[in-house]
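Please keep the sequence and the 3D view open while reading.

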Amino acid sequence: MADMEKKIIYLDHAATTYVKPEVFEVMKPYFDTEYGNPSSIYSIGRSNRKAVEDARISVAKSIGAAEPSEIYFTGSGTESDNWAIKGAALALKKKGKHIITSNIEHPAVLATCEFLQKQGYDITYVKVDEEGLINPEDVDKEIRPDTILVTIMMANNEIGTIQPIKEIAQVCKKHGVLFHTDAVQAAGNIPINVKDLGVDLLSVSGHKFYGPKGVGMLYIRKGVRIESLIHGGHQERNRRAGTENVPGIVGFAKALELANINMEAHYKKLSSLRDRALKGITDRIPYTRVNGSMEKRLPGNLNISFRFVEGESVLLMLDMKGIKASSGSACTSGSLDPSHVLLSIGLPHEIAHGSLRLSFGEINTEEEVDYLIDALDEIINKLRNMSPLYEDFTKGV
Ligand SMILES: *Cc1c(COP(=O)(O)O)cnc(C)c1O
């Protein structure tokens with residue numbers, strides 16, 4: 001095990017992933033030899049245009065879209081979420097100003113809704129149960145004549161829970177309300193078929209499934225009108241201006257294609273590593289709890305709370321042993337507030353504070369998982385032995 005001390009054990013794939021070599025390979029030409037602007041008419045421009053359009057066809061196929069023209073490339077998952085929500089809000093403001101979302105969304109959705117609230121929109125937050133799941137009937141109950149959009153994530157970035165998107169889409173359809181889902185965590189981990197799901201708008205981001213950072217996609221079902229947010233040239237069928245990130249788009253499409261081909265093996269491998277970690281940790285370390293449903297969950301996600309410890313201390317001590325994990329969302333780290341997701345599923349503040357998110361990926365091994373279990377056992381013991389709360393607890397005070 002001594003040689004593993006120097007190695008990095010990356011268990012934060014929900015924050016971002018490395019770019020697969022096959023993906024990097026197809027991106028390369030568009031940085032040097034094939035550097036033309038897709039809007040130019042000479043040959044290296046045209047070859048870039050073709051690369052973008054081929055990527056669009058490939059992505060449409062990967063997510064089961066009816067037509068490639070329903071695929072819009074963006075600069076991130078965050079941009080896709082902003083576009084879907086603000087774009088719908090602006091396009092439909094004459095019909096109404098009511099939007100429904102959930103209380104466990106990613107900040108890209110929550111902060112966008114807060115912004116719209118300041119602009120006079122009315123936001124309803126549907127609550128999840130203690131398993132971290134949304135009941136479609138609760139969405140149904142909240143829909144009003146002035147409801148213009150429902151936005152609920154497909155899979156959660158902190159606890160990995162998978163929502164009943166198809167059922168929620170049916171509820172929205174029944175009422176004639178647009179439905180957007182943030183599928184950034186879901187893509188590459190579980191199958192996505194927009195036609196089968198019945199969604200109107202769906203966001204995805206390249207760097208969560210072994211593709212490049214800084215490229216996202218918004219699926220806009222044919223016939224759905226949303227306002228554009230970025231104005232300028234004629235790119236993306238006049239709906240999202242700005243010279244295309246050609247290498248990024250090419251890499252995005254390749255990564256999504258590979259994810260679809262490998263999905264079964266990926267699911268098997270990640271869930272087996274995750275279950276090995278879960279068993280090892282709960283067998284060896286008392287006073288722990290797993291957060292979120294184990295059945296409706298992404299394969300690589302494990303979110304555990306350890307009583308009597310601070311999550312931040314656990315993270316720092318894991319880092320010293322080469323293990324890279326997270327206390328929840330990368331976007332909220334640095335703040336001292338406990339995770340809004342963990343509070344939503346009913347965890348008290350002090351337990352939410354002692355939580356750890358492990359997100360496994362394709363490079364991880366069983367050996368790494370066993371090293372993690374040993375490391376965690378040692379760290380949690382050390383921290384608890386320094387904790388006055390734990391001392392009181394063991395003395396039965
Ligand atoms: C990572 C993430 C985003 C943001 O995507 P970026 O491409 O990093 O902007 C949005 N939603 C969820 C659920 C995410 O996990």
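Asp12 is buried, because its relative accessible area of 12% falls under the 20% cut-off. The model shown here is a predicted one.

Side chains of opposite charge can pair when their charged atoms come close. Asp12 has such a partner: its side chain meets that of Arg357 in a salt bridge, with 3.0 Å from N to O. Asp12 lies in the loop between β1 (9-10) and α1 (21-27), and Arg357 lies in strand β12 (residues 355-359), so the pair ties together parts that are 345 residues apart in sequence. Arg357 is buried too, with a relative accessible area of 1%.

How many salt bridges does a search of the whole structure find? The search finds 27.

| Salt bridge | N to O distance |
|---|---|
| Asp12 and Arg357 | 3.0 Å |
| Lys141 and Asp138 | 3.4 Å |
| Arg274 and Asp275 | 2.8 Å |

Lys141 and Asp138 both belong to helix α5. They are three residues apart there, which means that about one helical turn separates them. Lys141 counts as exposed because its relative accessibility is 63% and the cut-off for exposed is over 50%. Asp138 has a relative accessible area of 26% and is partly exposed.

Asp275 counts as partly exposed, at 38%.

Salt bridges can also be linked to one another. Arg49, Glu53, Arg56, Glu236 and Glu244 are joined in a network of salt bridges.

Asn189 sits in the loop between β6 (178-182) and α7 (194-197). With a relative accessible area of 12%, Asn189 is buried. What does the side chain of Asn189 reach at 3.0 Å? It reaches the backbone oxygen of Gln185. The side chain of Asn189 also makes a polar contact with the side chain of His266, at 2.6 Å.

**Patches on the surface**

Two surface patches can be described, beginning with a charged one. Asp129, Glu130, Glu131 and Glu295 gather on the surface in a patch of negative charge. Glu131, one of these residues, is found in the loop between β4 (122-126) and α5 (136-142). Its relative accessibility is 36%, so Glu131 counts as partly exposed.

The other patch is nonpolar. Leu90, Leu229 and Ile230 form it on the surface, and together they have about 210 Å² of accessible area. Leu90 lies in helix α3 (residues 77-91). With a relative accessible area of 37%, Leu90 is partly exposed.

**A distance across the model**

Where is Glu350 found? Glu350 is in helix α12 (residues 349-352). Glu350 counts as exposed, at 58% relative accessibility. Along the chain, Glu350 and Leu218 are 132 residues apart, and their C-alpha atoms are separated by 38 Å.

Definitions and conventions. Residues are numbered from 1 along each chain as its sequence is written. This is a predicted model: local features need pLDDT of at least 70, side-chain atom pairs count only at pLDDT 80 or more; totals for chains, interfaces and linings use all residues. Side-chain values use heavy atoms; hydrogens and water are left out. Patches are made of residues with over 30% relative accessible area and no salt bridge: like charges are joined within 9 Å, nonpolar side chains (Val, Leu, Ile, Met, Phe, Trp, Tyr) within 5 Å. Accessible areas come from the Shrake-Rupley method with a 1.4 Å probe; for residues, only the protein chains shown count as cover. A salt bridge is a side-chain nitrogen of Lys or Arg within 4 Å of a carboxyl oxygen of Asp or Glu. Lys and Arg count as positive and Asp and Glu as negative; His and the chain ends are not counted. The place of a charge is taken as NZ of Lys, CZ of Arg, CG of Asp or CD of Glu. Helices (H or I, at least four residues) and strands (E, at least two) are DSSP runs, numbered from the N terminus. Buried means under 20% relative accessible area, exposed over 50%, partly exposed in between (1.4 Å probe, protein chains only). A polar contact is a pair of N or O atoms within 3.5 Å; within protein, one must be able to donate a hydrogen and the other to accept it, and residues adjacent in sequence count only if both atoms are side-chain atoms.
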